[in-house]
Protein chains: 2
Amino acid sequence: MEPAVPQPQTFDRVLSSMCTRPHPAARAAAERFLATNPGDPETYRSVAGLEQDVVDRLGEVTGLDSPHGYVASGGTEANIQAMRAARNRTEAADPNVVAPESVHFSFQKAAEVLGVDLRITPVDTDRRADPDAMADVVDADTALIVGIAGTTEYGRVDPIPALADLAADADALLHVDAAWGGFALPFTDHEWNFSHAAVDTMTIDPHKLGQAAVPAGGFLAREGATMDALAVETPYLESTSQATLTGTRSGAGVASAAAALDELWPAGYRQAYERAQANAEWVAAALTDRGFDVIDPVLPLVAVDLPEPLFDALTERGWRLARTARGELRIVCMPHVTREMLTAFVRDLDDCRSAVDGT
Amino acid sequence: MEPAVPQPQTFDRVLSSMCTRPHPAARAAAERFLATNPGDPETYRSVAGLEQDVVDRLGEVTGLDSPHGYVASGGTEANIQAMRAARNRTEAADPNVVAPESVHFSFQKAAEVLGVDLRITPVDTDRRADPDAMADVVDADTALIVGIAGTTEYGRVDPIPALADLAADADALLHVDAAWGGFALPFTDHEWNFSHAAVDTMTIDPHKLGQAAVPAGGFLAREGATMDALAVETPYLESTSQATLTGTRSGAGVASAAAALDELWPAGYRQAYERAQANAEWVAAALTDRGFDVIDPVLPLVAVDLPEPLFDALTERGWRLARTARGELRIVCMPHVTREMLTAFVRDLDDCRSAVDGT
């Protein structure tokens, strides 16, 4: 008997991921470009052209004319690169980075990798960065201020214009991590992008709400000098320098991002955002009705205080769930999360609650 | 009219890449797993299991029982991680890394990113690492010695056992970069792997001679302590720590590597190596016959001194060619490089030479 061909799981019960099922056009493009390497752009020219298209489109999404940047492996790489560029551009001998506690853990990784002092500050009562708390720890060695537009845990949007003022006062750069939120925020009233404030660099991942296939992260920079600060020479490639963190990269990811942006920007993304936001508000209301303590979804992400036995019982029923550092359940309303899935989830929650309460 | 769907170029005239057309089984697996993220192993469990299979198989390829490691985005990430682990494990306050000049440029990038002093030493007359030259710059702060098993420019294999002795004397770790050579070397007499010497970490990329789809690099470690030195906490994921450099990763790459190893190790890789080596020797002989100065292919990679006008003329005919830092043409005999391609290349070379000489 032939061994079974390994199969990926479906997304049917995944409420925990910030990635999603790629759009059909994105999947088809990824399949066509599986064997290409944008890390070697002179050899693989067609994918290099697509990468420039993606960067240009991401500029449109984020309010930046003449954007610099590239398609990264994901948000972690883009965040590391933002911190690396700031470290390399500052004149401070012992540079530090100031970020709110809501920052993604990739900043801890970046600080450890790069040997930079990461100063974490408390958030405000709505879980957003507090500019005053950040100002307290900024000093002459601060190379970078970090704001988040759509936090990983609670989907909060930091006050980016206030953080830009802080960065300007400190002569530091400002990085906005919109890895997850970047494809929802254009359809909201938030001030988060390059056109709203003096943002220097940004992370925005096509493979999250952008519906591209993994790996397709996005790193954007307002100035070419940021890319220059990242470049190393590449003696063996046909091209002569490389500003990315990785070397060989996924042509599938690039082509997939290009196809998704082509297909979905802006109308498709607006529609996906409105549907996701409505789903988040629906499940938030359903959970509130049941007496749970729900943190309202500013973006399509609901956090809810759920007792441990309930969490475990739902996991046993096959739900893929994740928690915040404080232990709340996070429901990420990605495009693959339908109203039917959420209805089934709430039904299972009711069932499990009866069982847990009954024992 | 619909705009044309972007198409990748074919591999018909690519002699410059260390990547190749994926094996059909590898491509099929990549397509099945396009939407998965091994960076979140608890959510994406089926791909996490496949990743362990890949690491175990890579242990077989490299002579390591109970291997530690993971599927990286590529050789650059794996080399950065080797240097990072060494930096984090050493007690030296100002650690240095000693490597031969034949080292891949990713080590320059790693040193810059990690703030480590990279000491580059001359190679011997056969372009291999010179242990004596390396010993001259090793000191108490040396955290890592680097050897290459299949250099990027000339396909040379460094004397790994001698480098292991050097590392032991210096109380440093030993990293072997077999990113490209690792799937050819098992079928040669070279001493290069974990079973031949006290190698601590290794880079071996399934997406190069392993015939997996990009991105599927390999990072291997003999000791769990190396992985511990790389781990950061991951508060929002279902899993609790992450030792990779990137966050979200490509399930397609992992599944593709698993399928390629399943299909090709060891007989298929042996066959591919023998065919590639025969092709390399054939084209080396053809070039020598024509009076060119050829550097013999120890592994399936031929370097040849080619006048600039000839290089340009061949490029104009659509050949994708790359050069060494010294300017020699490199012909990388990857699995997609057939005897027919090489015959056509040599014919074009003859044509171009007549044209160039005739003007």
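The model is predicted: local features need pLDDT of at least 70, side-chain atom pairs count only at pLDDT 80 or more, and totals for chains, interfaces and linings use all residues. Residues are numbered from 1 along each chain as its sequence is written, chains are lettered from A and ligands numbered from 1 in the order in which they are written, and side-chain values use heavy atoms, with hydrogens and water left out. Helices (H or I, at least four residues) and strands (E, at least two) are DSSP runs, numbered from the N terminus.

**Symmetry of the two chains**

- Chain A superposes on chain B by a rotation of 180° with 0.0 Å of shift along the axis, at RMSD 0.0 Å.
- Which C-alpha of chain A is nearest the axis? That of A:Leu114, at 2.6 Å.
- Both copies use the same surface: 100% of the contact residues of chain A recur in chain B. Contact means heavy atoms within 4.5 Å.

**A helix pair between chains**

- Helix α4 (residues 106-114) of chain A packs on helix α3 (residues 75-89) of chain B at about 75°, with axes 10 Å apart. Axes are lines fitted to C-alpha atoms, for helices over the stretch in contact, and angles run from 0 to 180 degrees between N-to-C directions.
- That angle makes α4(A) roughly perpendicular to α3(B). Angles of 65 to 115 degrees count as roughly perpendicular, under 35 as roughly parallel, over 145 as roughly antiparallel, and the rest as oblique.
- α4(A) contributes A:Lys109, A:Glu112 and A:Val113, while α3(B) contributes B:Arg84, B:Arg87 and B:Asn88.
- By class, this contact has four charged residues, one polar and one nonpolar. Ala, Val, Leu, Ile, Met, Phe, Trp, Tyr, Cys and Pro count as nonpolar, Asp, Glu, Lys and Arg as charged, and the others, Gly among them, as polar.

**The seven-stranded sheet of chain A**

- Seven strands form an open sheet in the order β1-β7-β6-β5-β4-β2-β3, with mixed pairing. Two strands pair if DSSP finds at least two bridges between them.
- β1 (68-72) and β3 of chain A are the edges; each has a single partner strand, so one side of each is left without a neighbour in the sheet.
- On average, neighbouring strands here are turned by 20° against each other, direction ignored.
- β2 (residues 96-100) and β3 (residues 117-121) of chain A are parallel, over five bridges. A:Ala99 stands opposite A:Ile120 in β3(A).
- β2(A), α4(A) and β3(A) form a right-handed β-α-β unit. Right-handed means that, with the strands pointing away from the viewer, the path from the first strand over the helix to the second runs clockwise.
- β4 (residues 142-148) and β5 (residues 173-177) of chain A also pair in parallel, through five bridges. A:Leu144 stands opposite A:Leu173 in β5(A).
- Helix α3 of chain A lies across β1, β2, β3, β4, β5, β6 (201-203) and β7 (217-221), at about 175° to β5(A).

**The four-stranded sheet of chain A**

- Four strands make an open antiparallel sheet in the order β10-β11-β13-β12.
- Its edge strands are β10 (294-295) and β12 (322-323), each pairing on one side only.
- β12(A) runs antiparallel to β13 (residues 329-332) of chain A, joined by two bridges. A:Arg323 has A:Leu329 as its bridge partner in β13(A).
- Helix α9 (residues 267-289) of chain A lies across β10, β11 (301-304) and β13, at about 15° to β11(A).

**Backbone details**

- The peptide bond from A:Trp265 to A:Pro266 is cis, with omega near -5°. A:Pro266 sits in the loop between α8 (251-264) and α9 of chain A.
- In chain B, a cis peptide bond joins B:Trp265 and B:Pro266, with omega about -5°.
- A:Ser66 has a positive phi near 45° although the residue is not glycine. A:Ser66 lies in the loop between α2 (45-62) and β1 of chain A.

Key: Least-squares fit on C-alpha atoms with pLDDT ≥ 70 in both.
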